[in-house]
Amino acid sequence: LVAREAATVEEPSTAIAFPERVAVPDTKLELRLTGLAVHTRSLFNVRWYALGLYVETEGACTALAKWRSASSVKIQTDEAFFQAVKEGKFVKELRIVLAREVPAAELGESFHENLAPRVRRAQRAMDDDGAPQALERFRALFGDEVLPAGTTFSFTWHLDGKLVVRRQGEPVAKVASPGLCWALFDVYLGRTPLSKSAKRRLVRQMP
């Protein structure tokens with residue numbers, strides 16, 4: 001990670017800046033950035049978007065106390081740690097910023113492709129019968145427009161099982177589905193992530 005200024009951190013391969021801290025609207029919570037990564041597409045490794053992981057500090061420190069003295073190198077190879085981050089009882093957020101112009105429908109379809117099998121698993125494991133409908137609602141959020149570079153989406157997983165989706169900081173949906181929340185974070189932090197290197201980078205600053 002490359003420091004850009006006091007309040008932001010730059011993802012080096014895209015030069016996209018992320019805030020170090022973000023407030024959770026309608027709450028008193030503040031989330032802190034734990035790492036940055038980039039998602040690429042195709043054999044040519046086209047940079048599609050940069051992404052950052054944020055966690056609520058106090059809750060994360062409590063839930064992850066077992067790893068309090070672990071090094072950054074250690075936690076990046078510890079599957080139990082990733083599971084604790086993903087399933088810990090604290091507010092967490094994934095934020096993506098497009099590195100190039102992207103058709104919204106293509107972005108939505110990409111999410112759906114990666115989420116669908118995970119949502120099916122979560123539906124059974126978490127007894128969330130509404131998860132498939134929640135996934136379709138999530139997919140429909142992206143529409144048919146062409147999204148310009150710099151477009152920002154944030155996905156905040158709240159303790160009540162709601163996923164709050166914001167675009168450019170403005171809320172576009174609240175989807176009540178613990179299964180969808182779990183599936184979305186599993187895409188990046190699970191045992192079979194979208195990218196193993198991105199998975200490690202997203203927790204690099206966690207200690």
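**Exercise 1: The largest cavity**

Helix 4 (104–125) and helix 6 (178–189) each contribute at least two residues to the lining of the largest cavity. This is a predicted model, in which local features need pLDDT of at least 70 and side-chain atom pairs count only at pLDDT 80 or more, while totals for chains, interfaces and linings use all residues. Residues are numbered from 1 along each chain as its sequence is written, and side-chain values use heavy atoms, with hydrogens and water left out.

Task: State which residues line the largest cavity, and which helix gives the most to this lining.

Solution. 
1. Rolling a probe the size of a water molecule over the atoms shows where empty space is left.
2. On a 1 Å grid over the protein atoms alone, a cavity is a set of points where a 1.4 Å probe fits but cannot get out, and lining residues have an atom within 4 Å of a point.
3. The lining consists of H39, Y49, L107, S110, F111, N114, V187, Y188 and L194.
4. Helix 4 gives the most, with four residues.
5. By class, the lining holds six nonpolar, three polar and no charged residues. Here Ala, Val, Leu, Ile, Met, Phe, Trp, Tyr, Cys and Pro count as nonpolar, Asp, Glu, Lys and Arg as charged, and the others, Gly among them, as polar.

**Exercise 2: Strand 10**

Task: Determine which strands pair with strand 10.

Solution. 
1. Helices (H or I, at least four residues) and strands (E, at least two) are DSSP runs, numbered from the N terminus; two strands pair if DSSP finds at least two bridges between them.
2. Strand 7 (residues 92–98) pairs with strand 10 in the antiparallel sense over six bridges, and I96 stands opposite F153.
3. Strand 11 (residues 162–167) runs antiparallel to strand 10 and is joined to strand 10 by five bridges; F153 stands opposite R167 there.
4. Four residues separate strand 10 from strand 11 in a hairpin, and G161 in the turn has a positive phi of about 85°.

**Exercise 3: Helix 5**

Task: Which residues of helix 5 (residues 131–140) are buried, and where do they lie around the axis?

Solution. 
1. Buried means under 20% relative accessible area, exposed over 50%, and partly exposed in between (1.4 Å probe, protein chains only).
2. The buried residues of helix 5 include A131, A134, L135 and F138.
3. Viewed down the axis of helix 5, the buried residues fall within an arc of 105° and therefore line one face of the helix. The arc is that of the directions from the helix axis to the C-beta atoms.
4. On the other side of helix 5, Q133 and A140 are exposed.

Terms used
1 Å grid on protein atoms, 1.4 Å probe; cavity = no way out; pocket = protein on both sides within 12 Å on 5 of 7 lines; lining within 4 Å.
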